[in-house]
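This report describes strand pairing, salt bridges and nonpolar cores in one structure. The sequence and coordinates are shown first.

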Amino acid sequence: MSLYEGVDLLKQGLVTGIAGLMAGGEEDTETTQATFITFNQDTTCVAVGTTSGYSLFTINSTDALELVYKSDEPDVYIAERLFSSSLVAVVSNSDPRTLRVCHFKKGTEICRYSYGDRVRAVRMNRSRLVVCLEESLYIHNIRDMKVIHTIRDTPPNPSGLISLSCDNTHCYLAYPGHSHTGELQIFDTINLASRVIIPAHEGQLAALQFSPSGTRIATASEKGTVIRVFSTHDGSKLYELRRGLKRTASIYSLSFSPCGSFLACSSNTETIHVFKLDEKLKETAVLAGSPPSDDGWFGYINTMVSASAGYLPSQVTDTLLQGRAFASVHHNQTGTKTLCALAMIRKSLRLLICNEEGFLLMYSLDTEEGGDCSLIKQFKLVESPSVLDQNDVVETSDVSSKQDVVVSYSDKLKNRTANEMTESEKFHEMALASETPPKTCFLLDDDGDFPPVGYVAS
């Protein structure tokens, strides 16, 4: 080997070594990404998944999030918790056609169901559990998990876009009714009949969300400039809200407040919008020709536009009369998928924003004045190998996910482990989880805790 050849080999070795060190440094600083983030039905819990497992956090404080359960099962892409109970519906990539309903506090699988295609989404309330496949929907009675109805040959729905009302009185299911237009189907899951068909948008639907009472539903199309709110009773349009005038956007989530008076929207832009669903927006047509209210110039302009609606082009009047954002949050994560929710925490309405990096940001919301929302805390939901600035990030409360399993005296007599359950016990747990908590008595934070606390007269 000549001297020049030796120098070339040495150069190649140095380049390879430096490249390896750089790659290793990049791996060390890479943060763990969240594979999914979902809120439960009443926004009291958030589920976050990674490639190595998923976690459930309770949201009941602005100071810390309580880790109530952590699973090491890999490749889970759906984990839906039923309100504050111990039941969670799980689907993993290792078996994407199988749904498992588990009792995470007892470490027991209640039941499992297999379907003919990949499970795209799962939604549940205290009466029904709905499984969405790409071209069909399965409706289960949640007390015994029997399939009580199947909706077949639905338009292709690869993203699993559905919404299930969490109210037992108006227990409705919403799903896209057409593959090319924004037709919306509302299905009554109690009477098992179609409720109403709504021509919501010209383009395909991108987001759906029922109000807590189930009497309204908010929709957005793939264009993402206009959000509409419809009545589930007759399909009439109640509100038309404008997210933006020029920019189209991909709407990622819609969320009503617990009182139903506010609606939040997240998209691929740098702004989270919060709309106030005022009665004034619905009464605009009635106000035509009347003197302006105390809304100042904006009210005067609305009145004048309403009065001249018969003379101006419909597109002009529609645009001018659409509701604008009441409050907003501006962040620097343009293009990142974000999920928003409105939650009542310690009697105050808060705006929650989650992103793909596994952060949950909690903002205050002035329900009287609106405007820019102020950041209260930022929580890290997923573990990260990188070193984070502890002044900027508030970690979640350190609650052990490995709960000690206590074997009861009854289990010892029957010679079984603590996480074994009979069929009658499984049925009992499902029935308890589906019971609506009473509204007239004192309630604990976990209204569906198992087993329930019984009060006996002394």
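In which sense do strand β15 and strand β16 pair, and over how many bridges? In this predicted model, β15 (residues 182-188) and β16 (residues 193-201) pair in the antiparallel sense, over seven bridges. Strands are DSSP runs (E, at least two residues), numbered from the N terminus, and two strands pair if DSSP finds at least two bridges between them. I186 stands opposite V196 in β16. Four residues lie between the strands of this hairpin, in which L192 takes a positive phi near 55°.

Because the model is predicted, local features need pLDDT of at least 70 and side-chain atom pairs count only at pLDDT 80 or more, while totals for chains, interfaces and linings use all residues. Residues are numbered from 1 along each chain as its sequence is written, and side-chain values use heavy atoms, with hydrogens and water left out.

**Salt bridges**

The whole structure holds eight salt bridges (a side-chain nitrogen of Lys or Arg within 4 Å of a carboxyl oxygen of Asp or Glu).

| Pair | N to O distance |
|---|---|
| R123 and E80 | 3.5 Å |
| R112 and E109 | 2.9 Å |
| E240 and K237 | 2.8 Å |

E80 is buried at 8% relative accessible area, whereas R123 is partly exposed at 28%; buried means under 20%, exposed over 50% and partly exposed in between (1.4 Å probe, protein chains only). In the remaining tabulated pair, R112 is partly exposed at 46% and E109 is partly exposed at 29%. Elsewhere, a network of salt bridges links D63, R346 and K377.

**Nonpolar cores**

A nonpolar core is a set of buried Ala, Val, Leu, Ile, Met, Phe, Trp, Tyr and Cys residues joined through side-chain atoms within 4.5 Å. The largest has 21 residues, of which V91, L99, Y115, V119, V122, L129 and V131 touch the most other members. Elements giving two or more residues to this core include β5 and β9, and β6 gives the most, with three residues. A second, separate core of 19 residues includes L67, A341, M362 and F379.

Beyond its neighbours within four places in sequence, V131 has contacts (heavy atoms within 4.5 Å) that include L99, Y115, V119 and H140.
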